[in-house]
Amino acid sequence: MNFYRRRRPQLMLAVTTAAAATFLATAAPAGASGVITESAPMPTPVAGPCEIKFDANGIGWVEEITAGKIARYDPVTGDVYEVPVPTPASVPGGLDVGPDGGVWFTEVAGNKIARLDPNTLAFQEFTIPTPLALASIIIPQLGVAVSDDIIAGPDNAMWFTEVGANAIGRIDLSTHVITEYPIPTPLAGPLIIDHGPNNTLIFPESTANKIGQINPFTGVITEYTVPTPASVPQGVTTGPDGAIWFTETVGQKIGRIDPVTHAITEKSIVSLFNLRPLPGPIVTGSDGNLYVAEGGLVLGSNVGRYNPVTNTYTPIPLPTPLGGPCDLTVRGNSIYFGEFTGNRIGKLTV
């Protein structure tokens, strides 16, 4: 069943004042390399901002997990507008801007994939057709598929993870038909999905201790076992060397999968100055380094920088203690992220 609702801009929950344009900086000047600055707090208290993606006009769109809203963020003025998701308590999850210009996001508890028109602020919702999943038996209020993250594929479609259905889903942008591809390993726990080498898509299998890779044109899934047992892989990205890089949240390591030999190497990021990094989402910065959100939903305080040439890891602290950097997005020479517990938008200049 498809659901469509239009909301006029004047009905949007608004807004920060001009003071929201002012960033709270660390001791170093704003814009300096290696410095994190923060926006004013989101208009809704305890909104739970996580992922932010930018459209062609440079406007950022943020999922607010606990508030059940999508926020429009202007990085120039700092203004924030919040738009409630039509389905109550749907828990908006991962978000991405599609090739059609729409802001697409998952509804973790709503069992839907949704699209927000950035111009009219009209929503469309598409129910995931999964008939049965383990999550719906154990925790019925979570819905069925438990879709967690979404990304634009190379094939005019949006691809998303389904933790409850143990599958990778695809919604066609022209027909809105949803197709699901079961993961070979049961109870794999797919979370984040990202672009992989050679037009593939990659995702962690957090409970199966594997990294998955799907060919979006054939639907074939390949799995790679992480050497460290019970490491709980979470973040995935394609590195500057074309390899698959990933994080191990419990293993507290960064891993690499060679795109040719498929050999896996790992590097611990624990140090005397950073005993509990808990690495999560990972991205490749414009400077060729890898950047890692530490902690996220478990009160992290750093964004880590990993140099893949020297194998050195440097934690960069947030101005807000226990701010919980939730996900990372590269935009030019900056990395943006929502602070789940800090209730702000962070920006790291690389």
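Reply: Start at Ile70: leaving out residues up to four places away in sequence, Ile70 touches Trp61, Val62, Glu63, Tyr81, Glu82, Val83, Val85, Pro92, Leu95, Phe105, Leu116 and Phe123 (a contact means heavy atoms within 4.5 Å). Bear in mind that this is a predicted model, where local features need pLDDT of at least 70 and side-chain atom pairs pLDDT 80 or more, while totals for chains, interfaces and linings use all residues. Numbering runs from 1 along each chain as its sequence is written, and side-chain values use heavy atoms, with hydrogens and water left out.

Now zoom out a bit. Ile70 belongs to the largest nonpolar core, a group of 13 residues (buried Ala, Val, Leu, Ile, Met, Phe, Trp, Tyr and Cys joined through side-chain atoms within 4.5 Å; buried is under 20% relative accessible area with a 1.4 Å probe, protein chains only). Trp61, Ile70, Leu95, Val103, Phe105, Leu116 and Phe123 have the most contacts inside that core. Strand 7 (92-97), strand 8 (103-107) and strand 9 (112-116) each give two or more residues to it.

Of its 350 residues, 57% count as buried. Among contacts with a separation of 6 or more, 44% link residues 24 or more positions apart.

Definitions and conventions:
Buried means under 20% relative accessible area, exposed over 50%, partly exposed in between (1.4 Å probe, protein chains only). Helices (H or I, at least four residues) and strands (E, at least two) are DSSP runs, numbered from the N terminus.
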